[in-house]
Amino acid sequence: MAWRRAKTGLCRFILWLVIVSAGGVVIFNMVFVLPITSELSLLPHKIEEPREKLTRSATLDDRKRQYIAGKPSGARYLELEIYASKENVTLTLNGKTRVDQSEMLIRGLNVVVLNEVTGDVMSSRWYDTYESKADSDFLVNHLKGLRRGRIICFAIKDDAVMQLSKEAKDYIATIGSSFINRLQFRSTWAFVVQRINDKLFVHAESFQNPSSGDEWARAVKLRTWVKLLPETNEKCNWADTVANRRRQEFCDVYEGYGDVCKCEEPVTIELNPPPFTDGSRLQLPIAVMASNRPYYLLRMLRGLQKVEGLDPSTMTVFIDGFWDEPAAVTRLMGLKLQQHAGVSQRNARVAQHYKRSIHDSFEQHPNANYLVILEEDLDVSIDILSYFKQLLPVYEKDASVYCISAWNDQGYEHLCNDPAMMYRVETMPGLGWVLSRKLFKNELEEKWPKPHEIVDWDMWTRMPSNRKERECIIPDISRTYHFGGKGINVGGLMQALYFEKHAINQEAHVKMDPDKMYKENYEKEIHHLLSEAKVLNHTKTPCANKDDFIPDTHGKLYVFYISMEFPGDFKTWQSMASCLRMWDLDARGFHKSMWRFWLKKNHVLVIGCPASVYCSYKPAEIKPLYIPRIPPVPR
């Protein structure tokens, strides 16, 4: 009996010791892990189960509140919770979940920046470092541009490691991450950090690696408390000007615009571009189509500062949806703004946005016969309006012209050469173009796709039933550059493969010869070129003989013939386009089954036979090249 009593007492002592130890751990975590400025926050945090299996501890929450209540009077804290998984990323602030309302994909690394005084969200961006190598650089630039004091929250949705560069990982490690270099493909990760003056405060960090290579890691969820500061950590003393008042108003609310909001020598936000050489400006309405990509919009609008002949008073930024941040960017630049509620979804929503914006532009400018349409993800050349201005008389007088576009689908750096050269094409490139009131009001507006029709507006405008054998005029060297790798139709990989290597004209005061673009004159030009062109060696092909299919000459004129049984038979063309690293997803930029471009600084014409009327120039002994459809060539 004595032995049993001793054993029972020993058990009670051990149980008491466990309870005291557990309580000590809770108190330790409550005091040292939850508050900021703790070295222990660098230690691994508990990896939580997925959301549906998570439960909050009322007891622990009560103790946290008791702890916070016991802090010195006036101290304010932000309760912050991050959930990251394959399917979702959420940020909860003081019990209120922030849900990303954008229709854009948020796969990759999500970065949310909070104000250190109010706890308000100042920036919410995502970087698709699963697909896009370029996004790693954008991420680092974004982080480097943040003001000191901001609370930075990171979370992975799906995967963010595949294309995350070593430079990006190293930078994230320098701002306090202990785990960034331990992440694997399909890892989940969440991280909260803050830099106050020159000191880093890691508030929380958690990660989970997958159990096998073909699975995603389990979700992670971390909770922490961040002490809010009594005042902003970094303030700027800009000169008191109208522009700087707009700057101050914007930078007090939004983050991630380092060049605009930095204290020392911020970039100008004045939109005061130079006039044309004769002192005039183009008096046409300009519509900038925008959505919820404010950092794209700012880049685009600031690019207009150099455009000759621009009158900012003719511009309106049309935003699809009542998004605050792109509206603030528009006001920052001092431009007119119009927002309307989004109609339908995805591609159909974009189509309705274009219709409404075009309609409103013509209504607001009743005397304008033409409208310039730009987009938020386009850089524009210094002479884009000069290019449009020189071609407007042709558009007005030649009924066979469908539009004037600033974009050449085949205008890659290695395929274009002459800033004064123009083409007529049977497709509608868009990406910076001029539309006539007559075409829109008399034809397109009434039959524009309805909200329930899921169709791309630009593909719709290219349809033969709309184009009616009319053509668009395009430049050899594009006057716009597409930089947007985050959109409904273009992701980071497609941007890298099909848009990144496009050229944009850098020359000012380019004198065009617009008379060549009249229908009859253009035919005379093509016949003249074909009569002068040297026929290439047809025992070679651009795919099998990439290095020497085009001779090593400069400034010469060449022609070759490819198999094309009928208009619309693009099998050989698309195979050849893949080999030449051109646009090969469909056929674009052709005129009567003929294409024009440059190779090795030589002007080259490609004729599809027997489909083209120009096949009469083909020597009898020449057999058109046939290239079977091949898989896309790595670019």
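Modeller: Happy to. One term first: a helix axis here is a line fitted to C-alpha atoms over the stretch in contact, and angles run from 0 to 180 degrees between N-to-C directions. Also keep in mind that this is a predicted model.

Biologist: Got it. At what angle do H9 and H11 cross?

Modeller: Helix H9 (residues 346-364) and helix H11 (residues 437-447) cross at roughly 135 degrees, and their axes come within 11 Å. The two helices are therefore oblique to each other.

Biologist: Is that crossing of H9 and H11 left-handed or right-handed?

Modeller: H9 passes H11 in a left-handed crossing. On the H9 side the contact uses Lys 355, Ile 358, His 359, Phe 362 and Glu 363, and H11 brings Arg 437, Phe 440, Lys 441 and Glu 445.

Biologist: How many of the residues in that contact of H9 with H11 are charged?

Modeller: Five are charged, three are nonpolar and one is polar.

Biologist: OK, new pair. How far apart are the axes of H7 and H8?

Modeller: They are 8 Å apart, and helix H7 (residues 294-303) packs against helix H8 (residues 324-332) at an angle of about 20 degrees. That makes H7 roughly parallel to H8, since angles under 35 degrees count that way.

Biologist: And which residues make the contact between H7 and H8?

Modeller: From H7 you have Pro 294, Leu 297, Leu 298 and Leu 301, and from H8 you have Glu 325, Pro 326, Val 329, Thr 330 and Leu 332. By class, the contact has seven nonpolar residues, one polar and one charged. The crossing of H7 and H8 is right-handed.

Biologist: Nice. Can we turn to H3? Which of its residues are buried?

Modeller: Helix H3 covers residues 134-144, and its buried residues are Asp 135, Ser 136, Leu 139, Val 140, His 142 and Leu 143. Looking down the axis of H3, these buried residues fall within an arc of 160 degrees, so they line one face of the helix.

Biologist: Remind me why spacing along a helix gives a face?

Modeller: An α-helix has 3.6 residues a turn, so residues three or four places apart point the same way.

Biologist: Then what is exposed on the other side of H3?

Modeller: Asn 141 and Lys 144 are exposed there.

Biologist: Tell me about H3 and H4, then. At what angle do they cross?

Modeller: At roughly 25 degrees, with the axes of H3 and H4 coming within 8 Å. H3 and H4 are therefore roughly parallel to each other. H3 passes H4 in a left-handed crossing.

Biologist: Who touches whom between H3 and H4, and which classes are they?

Modeller: H3 contributes Ser 136, Leu 139, Val 140, Leu 143 and Lys 144, while H4 contributes Glu 167, Ala 168, Tyr 171 and Ile 172. That contact of H3 with H4 divides into six nonpolar, one polar and two charged residues.

Biologist: What follows S23? I'm curious where Val 613 is.

Modeller: Val 613 is in the segment after strand S23 (602-610). Val 613 is exposed, with a relative accessible area of 56%. Its C-alpha is 6.9 Å from that of Lys 592, which is 21 residues away in sequence.

Biologist: Last one: how many helices and strands does the protein have?

Modeller: There are 16 helices and 23 strands. Of the 635 residues in the protein, 55% are buried.

Definitions and conventions. Residues are numbered from 1 along each chain as its sequence is written. This is a predicted model: local features need pLDDT of at least 70, side-chain atom pairs count only at pLDDT 80 or more; totals for chains, interfaces and linings use all residues. Side-chain values use heavy atoms; hydrogens and water are left out. Buried means under 20% relative accessible area, exposed over 50%, partly exposed in between (1.4 Å probe, protein chains only). Helices (H or I, at least four residues) and strands (E, at least two) are DSSP runs, numbered from the N terminus. The arc is that of the directions from the helix axis to the C-beta atoms. Angles under 35 degrees count as roughly parallel, over 145 as roughly antiparallel, 65 to 115 as roughly perpendicular and the rest as oblique. A crossing is left-handed if the near helix is turned anticlockwise from the far one by less than a right angle, and right-handed if clockwise. Contact means heavy atoms within 4.5 Å. Ala, Val, Leu, Ile, Met, Phe, Trp, Tyr, Cys and Pro count as nonpolar, Asp, Glu, Lys and Arg as charged, and the others, Gly among them, as polar.
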